Amino acid sequence: MIISGFKDYCALNFLKGALINDTEGILVQPTENVQAGRQIRFTSSEEINIMKPVLKTYILDAVEIEKKGAGSYV
């Protein structure tokens, strides 16, 4: 995961985000050229606080994906 800061928002980036079960429909493809990466964008710290339970679920899902080696291209 990578945390990125931009002028209008900050983002929590998942390198294999396309493999995460996006039950909330909050993952976005950063650009049209990105294949597997997805991000969740935030415009306020309040928004992050509200989404804590969902974020925890997505982060744990990402950890499990890494443990399984899913999406490895090697």
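Which side chains does a polar contact of 2.5 Å join? The side chains of Gln-39 and Arg-41 are joined in this way. A polar contact is a pair of N or O atoms within 3.5 Å; within protein, one must be able to donate a hydrogen and the other to accept it, and residues adjacent in sequence count only if both atoms are side-chain atoms.

The model is predicted: local features need pLDDT of at least 70, side-chain atom pairs count only at pLDDT 80 or more, and totals for chains, interfaces and linings use all residues. Residues are numbered from 1 along each chain as its sequence is written, and side-chain values use heavy atoms, with hydrogens and water left out.

Gln-39 lies in strand E3. Helices (H or I, at least four residues) and strands (E, at least two) are DSSP runs, numbered from the N terminus. Gln-39 has 3% relative accessibility and counts as buried. Buried means under 20% relative accessible area, exposed over 50%, and partly exposed in between (1.4 Å probe, protein chains only). Beyond its neighbours within four places in sequence, Gln-39 is in contact with several residues, including Tyr-9, Ala-11, Ile-26 and Pro-30. Contact means heavy atoms within 4.5 Å.

Strand E1 (residues 2–5) runs antiparallel to E2, and four bridges join them. Two strands pair if DSSP finds at least two bridges between them. Ile-2 has Asn-13 in E2 as its bridge partner. A hairpin of four residues links E1 to E2.

One aromatic pair is found in the whole structure. The ring centres of Phe-6 and Tyr-9 are 4.9 Å apart and the planes stand at 35°, so the pair is tilted. Rings of Phe, Tyr and Trp (its six-membered ring) pair if their centres lie within 6.5 Å; planes under 30 degrees apart count as stacked, over 60 as edge-to-face and the rest as tilted. Phe-6 is partly exposed, at 45% relative accessible area. Tyr-9 is also partly exposed, at 23%.

Helix H2 (residues 52–68) has 17 residues. Its span from first C-alpha to last is 24 Å, close to the 24 Å expected at 1.5 Å a residue. That expected span is 1.5 Å times one less than the number of residues. Leu-55, Tyr-58, Ala-62 and Ile-65 are the buried residues of H2. Seen down the helix axis, they fall within an arc of 80°, so they line one face of H2. The arc is that of the directions from the axis to the C-beta atoms. These buried residues pack against strand E2 (10–14), strand E3 (38–42) and helix H1 (45–50). On the other side of H2, the exposed residues include Lys-52, Pro-53 and Lys-68.
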